[in-house]
Amino acid sequence: MHEIYLAGGCFWGTEAYLQRLPGVVDTEVGYANSLIEDPSYEEVCSGRTEAAEAARVRYDADIIPLALLLKAYFRTIDPLSRNRQGNDRGTQYRTGIYWTDPADEPVVRTSLSALALQLGQTPRIEAASLGNFSPAEAYHQDYLARNPFGYCHVNLADARAFVTEHERDFSSLSKRHA
């Protein structure tokens, strides 16, 4: 099992979108790279912790390799926005990709370079090894599954479109590992 941490604005939408992808085994929302240990939501919102709202994503790379997972993630964010996604504003809503396995860094950097070529400008997405991660409060976990009409800047229906568009990628991977 592999894991990556993705910050895409409000973590509710990032988590809900990624849960809809084949190969994503588990998610947990929380606060990445905080200056203080185990911050609360209120502390994160103060801007003093420098934490980013992020989703820890555990995935099966035989079904969805990191490069394909990042392509899906890029569809959930405005990659040119800084400290803002949808109606959410503040440093905790910045975008970022944080890895724990050093082997993931070149994949992340290559994916960001490909995105920059596609956009014609440099994305404003942090890319760094994970310093720390604290799970968010229980009421944030699986929030949109429990509150289907809750606010979300992410188009969750796009997850189905992504899977359909990349059906060959998913099926060729599953055939290679069958």
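Author: A contact here means heavy atoms within 4.5 Å. With that in place, and keeping in mind that this is a predicted model, we can go through the chain.

Reader: Okay, what share of the contacts with a separation of 6 or more comes from residues 24 or more positions apart?

Author: Residues 24 or more positions apart supply 76% of the contacts in the chain that have a separation of 6 or more.

Reader: And how many helices and strands are there?

Author: The chain contains 7 helices and 8 strands. Its radius of gyration is 15 Å, close to the 16 Å that the globule rule gives for 178 residues, so the chain is as compact as a globular protein of that length. Taken along the principal axes, the C-alpha atoms fill a box of roughly 45 × 35 × 30 Å.

Reader: What percentage of the residues is buried?

Author: Buried residues account for 47% of the 178 in the chain.

Reader: Which residues touch the most other members in the largest nonpolar core?

Author: That core has 41 residues, and those touching the most other members are Ile4, Leu21, Val57, Leu69, Phe74 and Ile97. Helix α3, which covers residues 66-74, gives the most to this core, with 7 residues.

Reader: Let me pick Leu21, then: which residues does Leu21 touch, not counting those up to four places away in sequence?

Author: With those sequence neighbours left out, Leu21 touches Ile64, Leu69, Ala72, Ala159, Phe162 and Val163. One of these, Leu69, is also listed among the residues of the largest core that touch the most other members.

Reader: Which residues does the second, separate core include?

Author: The second core has 8 residues, and among them are Tyr5, Ala32, Ala52 and Tyr98.

Reader: Now backbone angles: what is phi of Glu50, and where does Glu50 lie?

Author: Phi of Glu50 is near 60°, which is a positive value in a residue other than glycine. Glu50 lies in the loop between α2 (41-45) and β3 (52-59).

Reader: Why does Glu50 count as partly exposed?

Author: Glu50 counts as partly exposed because its relative accessibility is 47%, and partly exposed covers what falls between the buried limit of under 20% and the exposed limit of over 50%.

Reader: And what about phi of Asn83?

Author: Asn83 is not a glycine either, yet it has a positive phi of about 55°. Asn83 is found in the loop between α3 and β4 (84-85).

Methods: Residues are numbered from 1 along each chain as its sequence is written. This is a predicted model: local features need pLDDT of at least 70, side-chain atom pairs count only at pLDDT 80 or more; totals for chains, interfaces and linings use all residues. Side-chain values use heavy atoms; hydrogens and water are left out. A nonpolar core is a set of buried Ala, Val, Leu, Ile, Met, Phe, Trp, Tyr and Cys residues joined through side-chain atoms within 4.5 Å. Buried means under 20% relative accessible area, exposed over 50%, partly exposed in between (1.4 Å probe, protein chains only). Helices (H or I, at least four residues) and strands (E, at least two) are DSSP runs, numbered from the N terminus. The radius of gyration is taken over C-alpha atoms; the globule rule is 2.2 Å times the number of residues to the power 0.38.
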